[in-house]
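Hello,

Here is the structure we spoke about. Please open it first, then read my notes below.

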Amino acid sequence: MATLNYNHLRYFWAVAREGGLIRAAERLNVSQSALSLQIRKLEARLGHDLFERRGRRLELTEAGRIAFEHAEAIFSAGRELQDRLAAREPGRRQVLRVGALATLSRNFQLRFLRPVLGREDVEVVLRSGALRDLLAALEAHRLDVALVNAAPPRDAATLWTSHALGEQPVSLIAAPGRLRDGEAPEALAAREALVLPTPESAIRAGFDAWADRAGLAPRIAAEADDMAMLRLLARADAGVTLAPPIVVRDELASGRLREAHRFDGLVEPFHAIVPTRRFPNALLRELLDAAALWDGVDEGPAA
């Protein structure tokens with residue numbers, strides 16, 4: 001087979017990533033016709049059509065998907081090589097790209113990053129998103145680590161490793177006026193409206209199982225997929241809130257809120273997902289080693 005033209009491959013990769021010629025042409029600052037010509041040359045070189053048109057959309061063929069996977073690996077490896085080697089230049093600032101679930105405790109994120117925050121030789125880039133997007137960014141080498149609250153499924157083809165960092169307890173929390181001395185948590189949950197994490201949360205799944213065993217049909221005042229919003233709802237006395245106590249640490253310390261019941265066995269775990277790389281970011285080992293010394297994660301201001 002003739003030598004592959006990597007300029008053609010890069011043009012194809014851009015179109016596949018952008019989902020069409022228009023946005024790819026704008027990003028590459030070339031005309032659509034020039035872009036189409038380069039892709040046709042690549043298809044001729046490979047001997048396969050890479051796209052098929054469906055209405056106004058371009059969709060990858062089976063050969064196109066295979067080519068895209070290889071292009072992702074090739075160009076991501078190139079970016080990774082530049083980043084790793086550039087970071088070793090004297091006086092060059094190291095960049096740590098961190099992704100986190102949008103719903104993850106800010107307090108946990110800050111604690112994980114604390115060893116490198118404020119260092120003059122380190123720049124931390126923080127991004128949030130859904131688990132699927134974070135894992136895709138890891139595999140494309142756009143992130144160095146992803147912080148999540150559940151270890152995602154892994155198989156032999158997975159190009160990352162999950163490091164368990166710790167866990168924090170989960171409780172029913174409420175304003176003092178909602179509580180009665182000696183009242184069982186089942187009675188509290190039956191009597192008061194509840195503020196809960198959304199159903200896709202692992203915490204919510206554990207609570208729902210507890211409620212089912214107790215024969216409860218809780219009255220839900222609000223649901224939120226973000227710990228910061230759960231904190232605001234608890235502060236606003238919207239109902240009895242299910243959350244890790246650290247989320248409202250300041251309010252518990254001041255007496256504005258009280259911990260009504262701490263669940264046995266119901267915790268929010270924390271994991272760092274790290275991609276398998278030939279040139280891993282040196283900062284990650286420092287952060288993981290520091291996290292290994294944690295005594296739980298109940299530290300720092302509520303967030």
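**Charged residues and cores**

The side chains of Arg 204 and Glu 223 make a polar contact at 2.8 Å. Keep in mind that this is a predicted model. Arg 204 sits in helix H8. Its relative accessible area is 6%, so Arg 204 counts as buried, the cut-off being under 20%. Beyond four places in sequence, Arg 204 contacts Leu 196, Pro 197, Thr 198, Pro 199, Ile 220 and Glu 223.

Glu 268 belongs to strand E10, residues 258-275. Glu 268 is buried but has no salt bridge. Which side chain of opposite charge is nearest to Glu 268? That is Arg 106, 9.3 Å away. Glu 268 does have a polar contact, side chain to side chain, with Asn 149 at 3.4 Å. Asn 149 is also among the residues that Glu 268 touches beyond four places in sequence. Others on that list include Leu 104, Glu 167, Gln 168, Ile 203, Met 227 and Pro 244.

Next, a loop residue. Arg 219 lies between helix H8 (202-213) and strand E8 (220-224). Setting aside residues up to four places away, Arg 219 touches Arg 191, Glu 192, Ala 193 and Leu 194. With Arg 191, a polar atom of the Arg 219 side chain lies 3.4 Å from the backbone oxygen.

On to the nonpolar cores. In soluble globular proteins, nonpolar side chains tend to be buried together. The largest core here has 31 residues. Which of them touch the most other members? They are Leu 96, Phe 112, Leu 147 and Leu 165. Strands E3 (94-101), E5 (145-148), E6 (160-174) and E10 each supply at least two residues of this core, as do helices H5 (106-113), H6 (131-139) and H11 (282-291). H11 gives the largest share, five residues. Leu 165 touches Phe 108, Phe 112, Phe 270, His 271, Ala 272, Leu 288, Ala 291 and Trp 294, leaving out residues up to four places away. There is also a second, separate core of 30 residues. Its members include Ala 174, Leu 196, Ala 224 and Leu 266.

Last, confidence. Mean pLDDT for the chain is 85, and 90% of residues reach 70 or more. Over residues 298-303, pLDDT stays under 50. The model has 23 contacts beyond four places in sequence for that stretch.

Best wishes

Notes: Residues numbered from 1 in each chain as written. Predicted model: local features only at pLDDT ≥ 70, side-chain atom pairs only at ≥ 80, totals over all residues. Heavy atoms only, no water. Helix = DSSP H or I, 4+ residues; strand = E, 2+ residues; numbered from the N terminus. Contact = heavy atoms within 4.5 Å. Polar contact = N/O pair within 3.5 Å; in protein donor to acceptor, adjacent residues only side chain to side chain. Buried < 20%, exposed > 50% of the residue type's maximum accessible area, 1.4 Å probe, protein only. Lys, Arg positive; Asp, Glu negative; His and termini not counted. Salt bridge = Lys/Arg side-chain N within 4 Å of Asp/Glu carboxyl O. pLDDT = per-residue confidence, 0-100. Core = buried A, V, L, I, M, F, W, Y, C linked by side-chain atoms within 4.5 Å.
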